[in-house]
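Please keep the sequence and the model in view while reading.

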Amino acid sequence: MLSKSDLEKIKLVITPGTKVVISTHKSPDGDAIGSSCALAMYLEKKGCICSIVVPDALADFLYFIPYSNKIIVFDKMEARAKEVLSDSDVVFSLDYNDLKRAGSFGDLIADSKSLKVLIDHHEEPNYEGDIYFNDPTCCSTAQLVFDFIDELNDIELVDIPIAEAIYFGLITDTGSFRFPSVNERTHEIIAHFLKMGLAHFKVHEAIFDHNSMNRLQLNGFAVSERLELLENGRVAFIWLKEEDLHRFSAEKGDTEGLVNKALSISGVEMAAFFRSAKEMVKISFRSKGSIFVNELARDHFNGGGHKYAAGGSSEETINETIAKFKKVVQKYV
């Protein structure tokens with residue numbers, strides 16, 4: 001996937017003492033953090049000095065990932081983030097295809113003179129960089145990081161912490177390996193990790209057995225009181241207002257997976273989750289079969305993503321946003 005010239009460029013810069021910044025998108029998920037931490041741990045084995053910068057806070061369960069405790073959160077440590085970027089030789093952009101998705105830190109990356117490398121699996125990249133390692137058919141950026149290491153003939157440097165980080169990203173971005181983008185390569189990587197001795201069940205526990213009482217009650221409320229069906233049961237959506245989140249003392253990550261609960265209903269082919277957030281509504285879309293939600297997100301809700309998993313936002317009220325969704329969804333289902 002890397003051209004011969006790009007491979008040579010990478011080899012020239014990944015050397016002892018090279019200062020690297022790894023960036024990912026706002027509201028980072030398991031794939032964003034897993035791939036970033038895996039890459040950082042690998043590069044440090046090559047002698048690089050690495051810093052990971054994320055635009056905003058991580059959900060608690062993501063701190064299971066090795067190296068995540070070293071992450072710089074831009075909106076809390078802006079001066080430190082600017083310092084490492086200004087001193088960097090290379091910037092890796094992971095799990096996003098447009099610097100706008102990295103928020104204000106993305107603007108700083110755009111102005112940086114450092115070598116810019118994109119590792120991503122989203123469609124239609126809008127990224128002005130120097131080296132591109134992207135594949136929209138790949139199930140996750142975590143898998144691309146493993147392939148990136150493989151292209152550099154450094155698989156022997158992948159240890160258990162790196163494997164845990166990659167496996168975490170694989171699980172979370174494939175819906176536990178159920179999306180069509182999962183292929184034999186994905187399972188070959190997992191088999192390699194298991195032969196190494198990866199305790200895969202511990203990663204699963206960290207992702208799926210990390211509930212608080214408030215989160216369980218919020219999820220129960222969302223399903224029982226805020227779930228609706230459209231289009232003769234082919235579309236399901238869940239919505240939560242800010243007061244709902246306050247009522248259950250919701251923390252970052254507590255609504256993770258709600259959209260998949262809606263999609264799991266028998267007969268549902270598209271699902272959406274709407275959540276009030278300050279002065280906007282954040283939206284998650286999921287689908288299966290022949291219905292692609294990235295088009296819906298891009299055309300109507302200022303977003304985009306993958307065919308079967310996308311996100312968007314709206315500056316209208318949540319009621320207005322849902323009304324718009326009900327109107328436009330008929331074009332896609």
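Ser27 lies in the loop between strand 1 (19-23) and helix 2, where helices (H or I, at least four residues) and strands (E, at least two) are DSSP runs numbered from the N terminus. The model is a predicted one, in which local features need pLDDT of at least 70 and side-chain atom pairs count only at pLDDT 80 or more, while totals for chains, interfaces and linings use all residues. Residues are numbered from 1 along each chain as its sequence is written, and side-chain values use heavy atoms, with hydrogens and water left out.

The phi of Ser27 is near 50°, a positive value in a residue other than glycine. With a relative accessible area of 32%, Ser27 is partly exposed; on this scale buried means under 20% relative accessible area, exposed over 50%, and partly exposed in between, with a 1.4 Å probe and protein chains only. Glu124, in the loop between strand 5 (115-120) and strand 6 (131-134), also has a positive phi, of about 50°, although it is not a glycine. Glu124 is exposed, its relative accessible area being 59%.

Gly47, whose phi is positive and near 100°, follows helix 2.

Asp31 is placed in helix 2 (residues 30-45) and counts as buried at 0% relative accessibility. Although Asp31 and Gly169 are 138 residues apart in sequence, their C-alpha atoms are 3.7 Å apart in space. When residues up to four places away in sequence are not counted, Asp31 touches Asp95, His121, Ser140, Thr141, Ala142, Gly169, Thr172 and Asp173, a contact being heavy atoms within 4.5 Å.

## Helix 9 and its covered side

The buried residues of helix 9 are Arg215, Leu218, Asn219, Phe221 and Ala222. These residues cover an arc of only 160° around the axis, which puts them on the same side of helix 9; the arc is that of the directions from the helix axis to the C-beta atoms. Among the elements that cover them are strand 7 (227-230), strand 8 (235-240), helix 10 (242-247) and helix 11 (258-263), whereas the face turned away from the buried side carries the exposed residues Met213 and Ser224.

Asn219, within helix 9, counts as buried at 9% relative accessibility. Its side chain reaches the backbone oxygen of Arg215 at 2.8 Å. Leaving aside neighbours within four places in sequence, Asn219 is in contact with Asp254, Leu258 and Lys261.

## Nonpolar cores

In soluble globular proteins, nonpolar side chains tend to be buried together. A nonpolar core is here a set of buried Ala, Val, Leu, Ile, Met, Phe, Trp, Tyr and Cys residues joined through side-chain atoms within 4.5 Å. In the largest such core, of 62 residues, the members that touch the most other members are Leu39, Leu43, Phe92, Ile119 and Phe148. Apart from this core lies another, of 23 residues, among them Leu230, Phe237, Ala272 and Phe301. Phe148 touches Leu2, Ile10, Ile14, Leu39, Phe92, Ile119 and Phe133, not counting residues up to four places away in sequence.

## Cysteines and Ser68

How many disulfides does a search of the whole structure find? It finds zero, a disulfide being a pair of cysteine sulfur atoms within 2.5 Å. Cys37 is in no disulfide, the nearest cysteine sulfur, that of Cys50, being 11 Å away; at 0% relative accessibility, Cys37 counts as buried. For Cys50, the closest cysteine sulfur is that of Cys48, at 5.5 Å, which is too far for a bond. Cys50 also counts as buried, at 9% relative accessibility.

Ser68 sits in the loop between strand 2 (49-54) and strand 3 (72-73) and is buried, with a relative accessible area of 1%. A polar atom of the Ser68 side chain lies 2.7 Å from the backbone oxygen of Ile65. Beyond residues up to four places away in sequence, Ser68 touches Ile33, Cys37, Leu62 and Tyr63.

Key: Polar contact = N/O pair within 3.5 Å; in protein donor to acceptor, adjacent residues only side chain to side chain.
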